[in-house]
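Subject: Structure handover

Hello,

Here is the structure we spoke about, for you to look over. My notes on what was found in it follow below.

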Amino acid sequence: MNEHIRFIDHTADVGVIISGQSLPELFQHAARSFFSVLTEVDQIQGNEAHKFSLEAPNLEELLVSWLNEFLFLFETQELLFSRFDIKNLNPNGLEATVWGEKYTPEKHLIKRIIKAVTFHKLAITEKNGQWQTQIIYDL
Amino acid sequence: MRSGLSRDDIQKKIHQLVDTLFRNIPSGVGSHRKDLKLSYQELDRVLEEGAQWAIKQGYGSAEDREHLEACGCIDGADQKMVSDRAKERGRAQLGTLGSGNHFVEIGYVEEVYDVKAAQKLGLEKDGVTVLVHTGSRGLGHQVCDDFIRVMLEASRRHGIELPDKQLCCAPLDSPEGKQYLAAMASAANFAFANRQLISHWTRESFEQVFKVGPKFLQLEVVYDVCHNIAKIEAHDVQGEKKKVCVHRKGATRAFPPGHPELPFDYREIGQPVLIPGDMGRYSYVLLGTEKAYQETFGSTCHGAGRLMSRHEAKRKAQGKSISKELESKGIIVRGASRETLDEEIPEAYKDVSDVVQVVHGAGISKKVVRLKPIGVLKG
């Protein structure tokens, strides 16, 4: 874990406060927080590249779509990621190349399964070039 | 489910039984039954037919149907309202338990509060029971994700101010509202089918362990009811009969005796309500009441509810072997990761008897029996 990802107590779910020096960094740390809830991120090797682009009406919805993409890729293809390159990030979309590998039971410990990424209490703020957001994962 | 077995019949075989459940019912990441391969066309049928699809495929019997809410198929489902992404997530997950608080629990009737009602439900002291708790899995969550986007847009368009984005909404009679109800009903049907499959494999597990047929085991469905669902129902609102949408979140249905939606053999006593507790203590079977119909739109609580956050529970569990601790209390647990077990420790939940006492005392459901777990398969 790093100083950009801070877990907070939430009765039924898991909450996390993310910070970053830029928007792409905020999104990268958010993705790392997703995989930290799921497994040990250090155990995920970035062998395989995977590309996708997303569109959304605003930044908050884009962030949730971004994290939901990982939930979808994990559930349907059992893919885990640890490296995230984001291009052309703006409130209406992004293009990403992410690196990871397929889940292997012998190698990756699944700590918990995330059921959904929620909009609960979600807000993205910026102060003096420092970006912050809070995400509640439904477990 | 109830059974013709007693606590003494299974005590010696409980390890074997839980291991067999673990083998037969997929619960970990990516695990699914090799004998259940679902085409997209078949999945569409699951979404529109629910448990009835499963019964037609040979998973369970026609008698099961009578004891499922809405006969295991919610009206108004339309698979076309479910996105391809949701179907993709759901296809491999039909017939899997899921994670977190989902489980299959073998127990026995520890205490009977209402002998007559218990008899009607086929429950007697020391009789073995099975509780299955699972739902629509990733498919349901994807339906939610898909419609949150639609609803956020609809909320903006309808000028609805939201205190929290997760509460986005649209009028029920709007196109978005109608589409959502059809998608939600499809997800509920997926959940009915899922529980039907898991119940079937539970029966098979018992048959394999005891080497007897279904007639001897008499594992019969007592009731199957949805949690966390919105339904269009007729209720008295300020003296007037009205069609309303009842959203039961953290709640379940508790219809009174005489309600036409109840199975014929339960009309006299009311709808069975199943309230799971934590895996170390107990669960309850209650019945719906007239008071619930009048005061809470025929609803009651659906579980114990958490007392501790997952983080707190983990801290509390540190250094302890939860499975060994439970085993010393006569409860065998299998399937879950260490992390899940820690987060699901009994102390993390409210004592469900306190919760049940409240709903019983308030008269919105009444106690019939208390169940004690002896074997748990955790997702």
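A salt bridge here is a side-chain nitrogen of Lys or Arg within 4 Å of a carboxyl oxygen of Asp or Glu. By that rule the structure holds 40 salt bridges over all chains. Please keep in mind that this is a predicted model.

Chain A

Chain A has two helices and eight strands. Read from the N terminus, its elements follow the order β-β-α-β-α-β-β-β-β-β. The C-alpha trace of chain A spans about 45 × 35 × 25 Å along its principal axes. A compact globule of 139 residues would have a radius of gyration near 14 Å, and chain A agrees with this because its own value is 14 Å. Of the 139 residues in chain A, 58% are buried. Taking the contacts in chain A between residues at least 6 apart in sequence, 66% join residues at least 24 apart.

The interface between chain A and chain B

The size of an interface is often given as the accessible area lost when the parts come together. For chain A and chain B the buried area is about 2,700 Å², and carbon and sulfur atoms give 48% of that area. On the side of chain A, the residues that lose the most area to chain B are A:Phe72, A:Lys115 and A:Phe119, which together account for 23% of what that side buries. In terms of contacts, 33 residues of chain A meet 31 residues of chain B.

Six salt bridges are counted between chain A and chain B. There are also ten residue pairs in polar contact across this interface, with both residues at pLDDT 80 or more. Which elements of chain A each supply at least two residues of the side that touches chain B? They are α2 (59-77) and β6 (116-117). Helix α2(A) gives the most to that side, with ten residues. By residue class, the side of chain A that touches chain B divides into 13 nonpolar, eight polar and twelve charged residues.

A:Arg112 and its partners

A:Arg112 takes part in salt bridges with two glutamates of chain B, B:Glu343 and B:Glu339. With B:Glu343 the closest N and O atoms are 2.5 Å apart. This pair crosses between chains: B:Glu343 is in helix α14 (residues 338-343) of chain B, and A:Arg112 is in the loop between β5 (93-102) and β6 of chain A. With B:Glu339 the N to O distance is 3.4 Å.

Are the two ends of the 2.5 Å pair buried or exposed? B:Glu343 counts as buried because its relative accessibility is 2%, and A:Arg112 counts as buried at 15%; the cut-off for buried is under 20%.

Within chain B, the side chains of B:Arg281 and B:Asp278 also meet in a salt bridge, at 2.7 Å from N to O. B:Arg281 is partly exposed, with a relative accessible area of 23%, whereas B:Asp278 is buried, at 2%. Elsewhere, salt bridges that share partners join A:Arg112, B:Arg306, B:Arg310, B:Lys314, B:Glu339, B:Glu343, B:Glu344 and B:Lys378 into one network.

Two positions in chain B

B:Glu220 lies in the loop between α10 (214-217) and β4 (227-237) of chain B. Apart from neighbours within four places in sequence, B:Glu220 is in contact with B:Met1, B:Arg2 and B:Arg203. With B:Arg2 the contact includes a salt bridge, 3.2 Å from N to O. That pair links distant parts of the chain, 218 residues apart, with B:Arg2 in strand β1 (residues 2-6) of chain B. B:Arg2 counts as buried, at 13% relative accessibility.

B:Asn194 is in helix α9 (residues 175-210) of chain B. Its relative accessible area is 0%, so B:Asn194 is buried. Not counting residues up to four places away in sequence, B:Asn194 touches B:Gln93, B:Leu94, B:Gly95, B:Thr96, B:Thr134, B:Gly135 and B:Arg137.

Regards

Notes
Residues numbered from 1 in each chain as written. Chains lettered and ligands numbered in written order. Predicted model: local features only at pLDDT ≥ 70, side-chain atom pairs only at ≥ 80, totals over all residues. Heavy atoms only, no water. Contact = heavy atoms within 4.5 Å. Buried area = accessible area lost by both parts, 1.4 Å probe. Polar contact = N/O pair within 3.5 Å; in protein donor to acceptor, adjacent residues only side chain to side chain. Helix = DSSP H or I, 4+ residues; strand = E, 2+ residues; numbered from the N terminus. Nonpolar A, V, L, I, M, F, W, Y, C, P; charged D, E, K, R; others polar. Rg over C-alpha atoms; globule rule 2.2 N^0.38 Å. Buried < 20%, exposed > 50% of the residue type's maximum accessible area, 1.4 Å probe, protein only.
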